[in-house]
Amino acid sequence: VLVNPTREDYLAKSSFLTPAVVSNLSPYQNRRFYLEAPKLPPGYSIGESNYTLASKNKSGFKIPIGEESSIMLMTTLVDQSNDPLPLLAGKILHLNKKEKKPLTFFTNKKGKVRVQGLYPGKFKVQIYSPKYQDIEITLEEKDKGILRMDHLTIPKIPSLDSSSSDD
């Protein structure tokens, strides 16, 4: 992890064995820090990357890096007829950890979607449209990094209008 990286340099750098240490701070002054992990595997996230800190005299801060989320889901949303669902917004809710914020997504014109920040467990996929039902998906412990699913079928809600015009 790099602390306050620029094109040519950085303020501090962590390694496998050592943390990044910034030792030249003036006490009682706000300092901004930006964290970057340039060699992070796909699907992983360092979490929060911007901090404003004011240290006391002869003190320090320990900033935990990383999140438990390590899966980026790449798939195509389709209906029961296997037709892509283009240009739709939705959210994925964590069913195991309800305190987690939902992850929002938007499908492109081919129905493809990419959602980062998932981890093994159960989730509910909701489309922001009254036409489609919610579905549940389960991600396994073995799922890490980029998870490519061929498609996710989002069923349409059966029409409440039972009148037909077949005269």
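1. **Surface.** The chain exposes about 11800 Å², and carbon and sulfur atoms supply 50% of this area. Accessible areas come from the Shrake-Rupley method with a 1.4 Å probe, and for residues only the protein chains shown count as cover.

2. **What you are looking at.** This is a predicted model, in which local features need pLDDT of at least 70 and side-chain atom pairs count only at pLDDT 80 or more, while totals for chains, interfaces and linings use all residues. Residues are numbered from 1 along each chain as its sequence is written, and side-chain values use heavy atoms, with hydrogens and water left out.

3. **Strands and overall form.** The chain has zero helices and 12 strands (DSSP runs numbered from the N terminus: H or I of at least four residues for helices, E of at least two for strands). Its radius of gyration is 22 Å, well over the 15 Å that the globule rule gives for 167 residues, so the chain is more spread out than a compact globule. That radius is taken over C-alpha atoms, and the rule is 2.2 Å times the number of residues to the power 0.38. Along its principal axes, the C-alpha trace spans about 85 × 30 × 30 Å.

4. **Burial.** Of the 167 residues, 32% count as buried. Buried means under 20% relative accessible area, exposed over 50%, and partly exposed in between (1.4 Å probe, protein chains only).

5. **The largest core.** The largest nonpolar core has 22 residues, and Leu-77, Phe-105, Leu-118 and Ile-154 have the most contacts inside it. Such a core is a set of buried Ala, Val, Leu, Ile, Met, Phe, Trp, Tyr and Cys residues joined through side-chain atoms within 4.5 Å. Two or more residues each come from β5 (71-78), β7 (103-106), β8 (112-118), β9 (121-127) and β10 (135-139). A second, separate core of seven residues includes Val-3, Leu-35, Ile-46 and Leu-53.

6. **Phe-105.** Beyond its neighbours within four places in sequence, Phe-105 is in contact (heavy atoms within 4.5 Å) with residues including Leu-77, Leu-88, Val-113, Val-125 and Ile-127.

7. **Leu-11.** You will find Leu-11 in the loop between β1 (2-3) and β2 (12-13). Leu-11 counts as partly exposed, at 33% relative accessibility. Leaving aside neighbours within four places in sequence, its contacts are Val-3, Asn-4, Val-22, Arg-31 and Phe-33. Leu-11 and Lys-110 lie 43 Å apart in space, C-alpha to C-alpha, and 99 residues apart in sequence.
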